[in-house]
Amino acid sequence: LFRSGDGDSPNDFSEGKGVKSLVNKMTVALKTKSENVKEKVISFIENTSSVPVDRHVSSSGRLGKPYRGVKPVFSIADEEENDTEDIDSSSMSDDDRKEIVNIQTWINKPDVKNHFQCHEVKESGHMFPSYLLLTAKHMYCLREIPSRKGLAYIQSRQALNSVVKITSKKKRPELITFKYGTSSHSGIEVLAAERYLIPNAGEATKAIKQQIMKVLDALES
């Protein structure tokens with residue numbers, strides 16, 4: 001009679017090969033799955049990095065149709081809900097360093113063509129009672145000083161020929177954003193923005209727009 005002695009029987013050897021084969025198959029399957037996942041991750045990263053970035057410098061798209069060629073341009077448009085072009089750089093943050101003026105004295109200056117009572121709205125959501133004063137070439141923001149009635153800080157002074165766009169919220173038309181920047185053959189570059197809550201926004205934007213047009217016409221003549 002044939003005896004296998006102390007070693008493995010033929011059946012044991014067959015079962016061992018079966019287990020080893022199964023382990024190999026599982027290893028290959030896991031490796032393949034891992035490679036597939038890796039490929040998908042790499043593909044996702046590549047696709048994500050290839051998504052075009054929405055830039056401020058653009059002569060089309062969100063900036064609307066420019067008023068004139070490559071000279072100082074200006075446009076009025078509705079503000080998009082996803083418009084995040086909030087560059088809040090109206091002036092110095094230290095109020096103690098700003099010039100203090102008498103509001104009524106400034107309103108009565110002969111070179112002030114219009115003035116509008118409003119609230120300056122900061123990116124943080126804080127609002128400050130203010131006045132917008134319009135002259136032949138500039139727009140001033142005077143921020144009221146709560147503790148000193150009738151007085152205000154000169155919060156900002158912006159040249160009208162630097163206004164490249166005025167936008168308003170469709171759901172809140174009295175919330176007006178003024179965007180300042182430069183223009184070239186490559187498009188418009190927004191460098192700063194200021195936002196105001198103006199009760200009579202229609203009258204204010206009309207007056208400011210008309211004065212901007214006069215400035216631009218004078219530059220071209």
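Where is the place of Ser130? Ser130 sits in strand 4, residues 127-134. Strands here are DSSP runs of E with at least two residues, helices are runs of H or I with at least four residues, and both are numbered from the N terminus.

This is a predicted model, in which local features need pLDDT of at least 70, side-chain atom pairs count only at pLDDT 80 or more, and totals for chains, interfaces and linings use all residues. Residues are numbered from 1 along each chain as its sequence is written, and side-chain values use heavy atoms, with hydrogens and water left out.

## Overall layout

The protein chain has 3 helices and 9 strands. From the N terminus, the order of elements is α-β-β-α-β-β-β-β-β-β-β-α. Of the 221 residues, 35% are buried. Buried means under 20% relative accessible area, exposed means over 50%, and partly exposed lies in between (1.4 Å probe, protein chains only). The accessible surface is about 14,500 Å², and carbon and sulfur atoms hold 53% of it. These areas come from the Shrake-Rupley method with a 1.4 Å probe; for residues, only the protein chains shown count as cover.

Contact means heavy atoms within 4.5 Å. Among contacts with a separation of 6 or more, 54% are between residues 24 or more positions apart.

## Ser130 and its surroundings

Ser130 is buried, with a relative accessible area of 0%. A polar atom of the Ser130 side chain lies 2.9 Å from the backbone oxygen of Phe128. Leaving aside neighbours within four places in sequence, Ser130 is in contact with Phe116, Gln117, Cys118, His119, Glu120, Cys141, Leu142, Arg143 and Glu144.

## Salt bridges

Two residues in that contact list, Glu120 and Arg143, also meet in a salt bridge. A salt bridge is a side-chain nitrogen of Lys or Arg within 4 Å of a carboxyl oxygen of Asp or Glu. The structure holds 3 of them.

| Salt bridge | N to O distance |
|---|---|
| Lys122 and Glu120 | 3.2 Å |
| Glu120 and Arg143 | 3.1 Å |
| Glu174 and Arg172 | 3.3 Å |

Glu174 is partly exposed at 26% relative accessibility. Arg172 is partly exposed at 41%. Shared partners join Glu120, Lys122 and Arg143 into one network.

How buried are the members of that network? Lys122 is buried at 17% relative accessible area. Arg143 is buried at 9%. Glu120 is buried at 2%. Glu120 lies in strand 3 (residues 114-121) and Arg143 in strand 5 (residues 138-144), so their bridge ties together parts 23 residues apart in sequence.

## Nonpolar cores

A nonpolar core is a set of buried Ala, Val, Leu, Ile, Met, Phe, Trp, Tyr and Cys residues joined through side-chain atoms within 4.5 Å. Which members of the largest core touch the most other members? They are Leu132, Phe178 and Ile198, in a core of 22 residues. Strand 3, strand 4, strand 5, strand 7 (163-168), strand 8 (175-184), strand 9 (187-197) and helix 3 (201-220) each supply at least two residues of this core. Helix 3 gives the most, with 7 residues.

Not counting residues up to four places away in sequence, Leu132 touches Asn114, His115, Phe116, Cys118, Met139, Tyr140, Cys141, Phe178, Tyr196 and Ile198.

## Helix 3

Helix 3 has 20 residues. From its first C-alpha to its last, helix 3 reaches 28 Å, close to the 28 Å expected at 1.5 Å a residue. The expected span is 1.5 Å times one less than the number of residues.

Its buried residues are Ala201, Ala204, Thr205, Ala207, Ile208, Gln211, Ile212, Met213, Val215 and Leu216. The buried residues of helix 3 pack against strand 3, strand 4, strand 5, strand 7 and strand 8.

Val112 is in the loop between helix 2 (103-107) and strand 3. Val112 is buried at 14% relative accessibility. Val112 and Thr135 are 23 residues apart in sequence but 4.6 Å apart in space, C-alpha to C-alpha. Beyond neighbours within four places in sequence, Val112 is in contact with Trp106, Ile107, Leu133, Leu134 and Thr135.

Conventions:
A polar contact is a pair of N or O atoms within 3.5 Å; within protein, one must be able to donate a hydrogen and the other to accept it, and residues adjacent in sequence count only if both atoms are side-chain atoms.
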